[in-house]
Number of protein chains: 4
Amino acid sequence: MSTINRVVCVLILLASLVAILETEPMLRALSPRLFPTLETVFVVIFIGEYLLRLYVVGEDPRYRGIKGRLRYVFSFWAMVDLLAILPYFLGFMVQNNGFLLRMLRLALMLRLTRLGRFSQAWVALAEALKSRSHELWLSAGLAMLLLLLSSFCLYLAEAPAQPEVFGSLPRVLWWSVTTLTTVGYGDMVPITGLGKFFAGLTAVAGIGIIAMPTGILAAVLSDAFQKNR
Amino acid sequence: MSTINRVVCVLILLASLVAILETEPMLRALSPRLFPTLETVFVVIFIGEYLLRLYVVGEDPRYRGIKGRLRYVFSFWAMVDLLAILPYFLGFMVQNNGFLLRMLRLALMLRLTRLGRFSQAWVALAEALKSRSHELWLSAGLAMLLLLLSSFCLYLAEAPAQPEVFGSLPRVLWWSVTTLTTVGYGDMVPITGLGKFFAGLTAVAGIGIIAMPTGILAAVLSDAFQKNR
Amino acid sequence: MSTINRVVCVLILLASLVAILETEPMLRALSPRLFPTLETVFVVIFIGEYLLRLYVVGEDPRYRGIKGRLRYVFSFWAMVDLLAILPYFLGFMVQNNGFLLRMLRLALMLRLTRLGRFSQAWVALAEALKSRSHELWLSAGLAMLLLLLSSFCLYLAEAPAQPEVFGSLPRVLWWSVTTLTTVGYGDMVPITGLGKFFAGLTAVAGIGIIAMPTGILAAVLSDAFQKNR
Amino acid sequence: MSTINRVVCVLILLASLVAILETEPMLRALSPRLFPTLETVFVVIFIGEYLLRLYVVGEDPRYRGIKGRLRYVFSFWAMVDLLAILPYFLGFMVQNNGFLLRMLRLALMLRLTRLGRFSQAWVALAEALKSRSHELWLSAGLAMLLLLLSSFCLYLAEAPAQPEVFGSLPRVLWWSVTTLTTVGYGDMVPITGLGKFFAGLTAVAGIGIIAMPTGILAAVLSDAFQKNR
């Protein structure tokens, strides 16, 4: 990776961080001028980078001349670059809508996907996963089945006792997901004996749901490492 | 898998999704007519499919003639298909009981088990697990022992301080399950120093309980993959 | 395992289940006579089993004669059996103290350890763990270090903001344990920006703490399985 | 490890435990004299150990004579030892500031890093991790991407419904970290249907984020063990 690309990477990360921090009202209140200024700075830099790339790309015979340059403008990565700059200007039209405005500014984060351009490693990982996609789909199917089964049991056990909380299957599905993944927020908790019994089984099944993809991944990666040697 | 089977799979998934969404009162209130209509549509389609299968099955010499057709009707998968259609008609008899009615409609989800008919992969997974069932049972036994031990310790430490929450072993068992599986709802939390000490040990032991089956599964799958090559 | 041992195993499990359920006041209230009766039945059966074993053990030349029987009575497993029966009689002396009484009755669960007598598999597992005890201790040490470090950071960040909740290192240690093991009860949650930043790092480090022993176990078991073939 | 080093290790652990317990107001209230006395005892012992080391180090030709001793005093480990003693004396100057005082006393825990001097195992672990650092960085990058993506989705879905709780991306990042690591405190929970849908996907993605490093570690350690044999 060349030095210029490293600098662009750091700038993209910084611009994304600023876009994230800007959404916090407490930080905006501290210094109302800071974030708009920073954004203008980043957009100016990124426009400069865009024009520079447009000029330099002429070295490549494919993109020579005006016709070649137009072909480059409509290439995938150039479109991403443009899409990350445009929202800044669209922002001036929706000045009076703070929420929409910030959403548009966050489009700068689209540039993060450009970081992927510099790395071939994602491809290797994706292939390693693909080689065992059958097993991964199987465990996903099993997880889905457990999700439905546990939701059904909890619905039967808890709906009469807590009609507001466990009163419909979509609501219980939310509970099941947070329990099977062992997140466990605690916003919905069974209170009946039967409900707790089923919930306990669900939590234990959750271990299996974590163990299955972990085991598959460990096996895949172990094979991949042995092949490399 | 033939095209017709793919279509049936998608229909079963759709019908199940509708049956799930129908249990949500807020969605039912949005459009009181939508769900009964959709259900009727699905049941009509599934009856059509059932009759078609009953006709086509005659191609198989085992199910030729009326006697053969009857044999098919009482075969396992045909029974599942029938059980997924019948609740719709039973529903008309319990019109005035909303909860029971929805329970019956959910029987449509029985059809999901039919998806299993199209996949042989479950068998392979089950065999892989069976080959190491001894180790899996062992870790289950160890988990059960830890469950009892930690419940006992927490009961001793917290029962006097929180008699309502940790006041009996079955209640503390619920806490132990949610902690050992690292779900951690937070509906029951120790407050005494000794209780927190035991709870910390339980949480750490929970890592072992997750690590054990994961390690076994990873080893089993790694072996299975190496054999395949 | 002989048929008689299987029956004894089931009886031990049943007696333990009864001892657990008895601690729940709501179940005791349902039928005040049931649990004392069941306990008496179990104790009578276990006394019978104890005497039978004492008689049958004479077949073994080591335990022949009165002197041999006495040697058997003071052997480890016979002591466990006796310790599981005695609390029943001690119970009559502390009749007026419900909590202590139930604690004594739970001694019946000591018998669960007797189930270990019938299985040699624990030994194999313990050896597998021992062979990599060095790595497991290392990951335990690393976990302990992370525990102290994250507690220290959270104490610095949150103690001034929430003096009651994060006001001392022992209290913060409890938070750190529940976060590093990804249990996350939610009884203590950082509210300052810095506290949330450190807490996020702690939660991410918790993944490593789970991954380390899991990886070691997976490697150990994978080796053990390959050796067996 | 020599006997004297073992004793010093135990003393460091004890002193650290005392420094931790001292931060708890309830324990300080129990016995106001105990902790200052214990601290003085530990500091006296550690000063003695420091002087003894300074004398004994002369056996090493590198540190012979006064010039050699000065070189030792400014060596890394001797500095750590000194830094763990000095805060005790600084403490007398900030007597009236309880919080700062306790912070200084906790510097005793710096000595814990000295335990690292006695173990070469950390190096082996670090190397094992280094050999697969590429894969670990990749999974860290993937986790970071998922973190941003899920925060963005939750912000879009929940910010209008819960402006106080999900009102800015930094706040939602905190939620995302606790969900992706499956900690799940429950201090921030989505309430809209769309928010719960995205949150469910986040929780499921969290399993992958745990499975990835676990799988890599398992594969690395499995390779390392096979090389050792």
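The largest nonpolar core here has 97 residues, and the ones with the most contacts inside it are W175(A), W175(B), W175(C) and W175(D). A core in this sense is a set of buried Ala, Val, Leu, Ile, Met, Phe, Trp, Tyr and Cys residues joined through side-chain atoms within 4.5 Å; buried means under 20% relative accessible area, exposed over 50%, and partly exposed in between (1.4 Å probe, protein chains only).

This is a predicted model, with local features needing pLDDT of at least 70 and side-chain atom pairs pLDDT 80 or more, while totals for chains, interfaces and linings use all residues. Residues are numbered from 1 along each chain as its sequence is written, chains are lettered from A in the order in which they are written, and side-chain values use heavy atoms, without hydrogens and water.

Take W175(A): setting aside neighbours within four places in sequence, its contacts (heavy atoms within 4.5 Å) include L154(A), F166(A), M188(A) and, from chain B, Y185(B).

Now for where chains D and A meet. Here 46 residues of chain D touch 35 residues of chain A. Together the two chains bury about 3400 Å², with 75% of that on carbon and sulfur atoms; buried area is the accessible area (1.4 Å probe) lost on putting two parts together, summed over both. L138(D), Y155(D) and I207(D) supply 16% of what chain D buries against chain A, more than any other three residues.

The rule finds one salt bridge across this interface, namely R171(D) with E24(A), at 2.7 Å from N to O. A salt bridge is a side-chain nitrogen of Lys or Arg within 4 Å of a carboxyl oxygen of Asp or Glu. On the chain D side, α9 (133–158), α10 (169–180) and α11 (193–228) each give two or more residues, and α11(D) gives the most, with 18 residues. The helices are DSSP runs (H or I, at least four residues), numbered from the N terminus.

Over all chains, the salt bridge count comes to twelve. Some of them are listed here:

| Salt bridge | N to O distance |
|---|---|
| R171(D) and E24(A) | 2.7 Å |
| R53(B) and E49(B) | 2.7 Å |
| R62(B) and D60(B) | 3.1 Å |
| E49(D) and R53(D) | 2.7 Å |

R53(B) and E49(B) sit in helix α3 (residues 34–56) of chain B, four residues apart, about one turn. E49(B) is buried at 11% relative accessible area, whereas R53(B) is partly exposed at 22%. In chain D, E49(D) and R53(D) are likewise four residues apart in helix α3 (residues 34–56), and E49(D) is buried at 11%. As for the remaining pair, R62(B) is exposed at 53% and D60(B) partly exposed at 24%.
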